Amino acid sequence: MIHPALPEIKETVCETEHSCAPLNVIGRSAFRPDAPGKLTGQAKYVNDMAVHNMLYGAVVRSRYAKARIKNIDTSKAEKMSGVVCVMSSKDLPGPNYIPLVRCDLPLLAADEVNFAAQPVALVAAETLEEAQAAAAAVEVEYEELEPVLSIDEGLEKNWILWHYQQFKGDVDSIFNNPEPGMHIYESVYTTSHQEHAYLETNGALVMPDDRSGWVVYGSMQCPFYVQKAVAVVLGIDFQKVRVIQTVTGGGFGGKEDAPSTPASLAAVLSWKTGRPVKLVFGREEDMESMTKRHPSRTVFKSAVDKNGRIKAVDIHYYVDGGAYLTLSSIVLWRGMLHAGGPYNIPNLRTLADAVGSNTAPNGAFRGFGQPQVVFAADAHWDDVACQIGMDPIEFRRINMLHVGDKLTSGQLLVESVGFDEVVDKVKQVVEYDKIKALPKCKQDRFQRGIGFSVSHYGVGLGANGGPNNFSSANVVVGSDGSVRVAVGTTEIGQGMTTVLLQIASEVLCCPYDRIYLSDSDTAQVPDSGPTVASRTTLCAGRAVQDACRQIRQRMDDFLKDKEAMDWKDSVTACWIGGVQMAAQGYSRPGYKQTFEDQYGQGDAYEVYTWCANAADVTVDTWTGEVKINRFVSGQDIGRALNPALVEGQIQGGALQGIGYTLMEEYKFDKGRILNNNLSTYILPTSTDVPEIVPVIVEHNYSWGPFGAKGFGETPLVPVAPAIINAIADAVNIRLKHLPATPERVWEALHNSGVSQL
Ligand code: MOS
């Protein structure tokens with residue numbers, strides 16, 4: 001991939017650079033423009049939409065995890081009431097795949113199915129009930145085959161979807177010739193699936209349109225991904241497809257690439273029938289067939305010298321990619337780069353493999369391959385610290401990264417490393433020393449403990465992101481002084497609208513409530529890259545800042561000899577004076593593209609967010625239940641542009657991490673998910689929310705808008721090791737598998753003799 005030359009990092013000031021006084025909208029918890037619609041129910045989600053002549057789609061799905069398709073008989077379904085068409089793979093207008101890293105995911109299974117609930121055929125009918133009844137009547141004859149259902153089975157079959165690696169120094173010489181007093185320890189950590197559990201399932205409405213070609217409405221993070229997928233599947237120009245993001249009820253990564261599936265399925269039905277088709281997945285089919293967090297296994301071996309300094313790390317990270325590659329290579333890359341933890345590690349070898357299995361493809365999920373390795377790394381380091389008799393925070397302090405240090409990729413940390421401050425504040429807020437000093441009585445049923453964890457997070461897509469790293473933004477100032485901002489990233493509940501409007505307001509010096517954000521509509525907004533990787537505030541924000549600066553600069557040049565005016569009057573004067581009041585802004589990451597894949601060396605990400613978490617827990621040794629008394633989550637995010645949104649992200653991310661750590665897992669039977677709805681898939685509800693204390697640290701990033709970095713994902717990333725380490729502190733058992741359900745905790749207590757039952 002060819003990258004355009006990038007500029008050197010400049011020393012940029014983090015304030016506005018124009019003549020008018022700062023509004024100080026930045027750093028304030030500005031009102032969310034999308035809140036009233038969501039609160040009152042006026043917000044229109046895709047399933048709220050109905051258009052004239054609309055049909056309903058339904059999907060025929062595989063019953064088996066792996067099978068040969070011998071025959072598909074649609075004759076009975078075609079004759080049923082209300083049915084307009086039934087389609088299988090041979091009826092498609094264009095190529096039978098959804099374009100991603102590799103074009104391996106079929107739209108409709110042709111000769112074989114490779115995961116349970118894989119789409120095999122489609123129905124369009126006048127009502128949803130008729131469509132579903134007809135889908136159930138399509139007769140598919142299968143020859144069932146033996147599926148691959150775990151990382152171990154995938155490795156046995158040598159089914160490797162992707163490999164990455166990173167090498168630094170000489171790991172073998174350290175392990176083979178250990179110096180006196182060196183502590184060498186190896187352990188294995190495993191994790192399960194996690195469900196995004198967005199409130200709104202995936203879905204799309206596609207309609208033919210005489211002006212646009214095809215119009216797609218849907219719930220999604222990345223409209224330009226959906227545009228590409230639908231265009232490829234229909235075999236037409238991208239610009240023949242207009243994608244409009246509807247109000248989106250949560251994504252968490254599960255609407256990064258995944259919405260291409262319902263949109264493309266609805267599109268081929270619409271192509272076939274010439275009518276609008278709505279296809280919204282039911283909860284069960286969404287849970288059975290859509291992406292989840294990758295299960296993982298991490299083999300982690302370390303060497304630490306007698307002073308507690310990390311000398312070498314040897315890691316093998318495996319993720320279960322599911323049946324097709326989709327985004328697993330990119331998930332793997334992020335995981336690999338963060339695998340050792342945020343420490344000075346002189347010698348490291350990380351091998352990373354995405355292994356295939358006959359399960360639904362696993363994909364993007366908040367943290368994107370990091371929560372798994374961060375659990376392994378920071379549970380491991382905590383264990384090592386205790387084994388060598390060192391306080392776990394002290395161990396981290398000795399080894400942690402600072403400005404001037406190099407990451408395992410060799411990347412030099414030049415700025416915005418608030419790591420010390422995050423660790424200090426979290427330690428203080430959670431009252432670490434006080435809880436550590438509490439007397440323990442081994443006979444007590446309830447045992448209290450405190451656990452700590454740290455992580456870093458490379459913001460944005462990094463060196464692997466290529467053209468998706470760039471963002472554009474259009475800003476137009478109307479003659480009355482109201483302003484329109486257009487970007488191709490999306491509001492998915494995270495607060496993008498608010499933050500981008502705050503940036504525009506501050507730079508233009510325009511009142512916040514006079515700025516409006518365009519819908520994310522591919523016919524109206526520029527491509528700002530995907531809404532993923534905690535990149536929106538940083539990348540789209542920087543593009544908005546750039547566009548607004550251009551306009552403000554022109555206004556300042558025109559107004560410089562005139563007396564001071566408020567926003568409205570200054571706009572009027574500029575309009576009358578013929579000042580160009582529209583601009584396109586552009587954002588590119590402030591670093592050089594030096595990364596190479598053979599050794600995994602080079603600048604991987606433009607900047608990093610630094611986190612420390614602490615969990616104060618009580619373990620019920622009779623039942624294995626873990627109660628979180630208090631959870632403290634500290635984040636160096638550069639600058640909190642909107643503190644209320646930052647706190648909301650921290651609380652939501654921490655809770656999603658708590659679910660990941662203690663509750664959430666899928667149960668399978670021959671590759672078919674058994675707990676396929678929200679009553680059997682256990683995740684935290686409002687009654688499970690402990691006290692979550694956000695700690696915000698601001699070490700400004702000079703290349704970020706007003707000093708901000710991105711951080712939407714990071715609050716989830718280090719949650720698991722904090723809790724698992726707290727359990728270890730409470731009852732002296734080291735759990736190495738997530739989730740740590742009461743059953744697993746009880747079993748470990750029982751095996752270690754702690755449990756009295
Ligand atoms: Mo996000 S998990 O990078 O969509």
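**Contacts, helix packing and backbone exceptions**

Me: Which residues does Leu716 touch, not counting residues up to four places away in sequence?
Reply: This is a predicted model, in which local features need pLDDT of at least 70 and side-chain atom pairs count only at pLDDT 80 or more, while totals for chains, interfaces and linings use all residues. Residues are numbered from 1 along each chain as its sequence is written, and side-chain values use heavy atoms, with hydrogens and water left out. Taking contact as heavy atoms within 4.5 Å, and setting aside residues up to four places away in sequence, the partners of Leu716 are Arg293, Arg366, Pro371, Gly653, Gln656 and Gly657.

Me: Is Leu716 buried or exposed?
Reply: Leu716 lies in the loop between strand 25 and helix 18, where helices (H or I, at least four residues) and strands (E, at least two) are DSSP runs numbered from the N terminus. Buried means under 20% relative accessible area, exposed over 50% and partly exposed in between, with a 1.4 Å probe and protein chains only. Leu716 has a relative accessible area of 1%, so the residue is buried.

Me: How do helix 17 and helix 18 lie to each other?
Reply: Helix 17 (residues 643–662) and helix 18 pack at an angle of about 55° with their axes 8 Å apart, the axes being lines fitted to C-alpha atoms over the stretch in contact and the angles running from 0 to 180 degrees between N-to-C directions. Angles under 35 degrees count as roughly parallel, over 145 as roughly antiparallel, 65 to 115 as roughly perpendicular and the rest as oblique. The two helices, helix 17 and helix 18, are therefore oblique.

Me: Which residues of helix 18 make the contact with helix 17?
Reply: Helix 17 passes helix 18 in a right-handed crossing, a crossing being right-handed if the near helix is turned clockwise from the far one by less than a right angle, and left-handed if anticlockwise. On the side of helix 17 the contact is made by Gly653, Ala654, Gly657, Ile658, Thr661 and Leu662. From helix 18 come Val719, Ala720, Ile723, Ile724 and Ile727.

Me: What is the relative accessible area of Asn158?
Reply: Asn158 is found in the loop between helix 4 (151–156) and strand 7 (160–168), and has a positive phi of about 55° although it is not a glycine. Asn158 is exposed, with a relative accessible area of 57%.

Me: Where is the place of Pro739?
Reply: The peptide bond from Leu738 to Pro739 is cis, with omega near 0°. Pro739 has its place in the loop between helix 18 and helix 19 (742–752).
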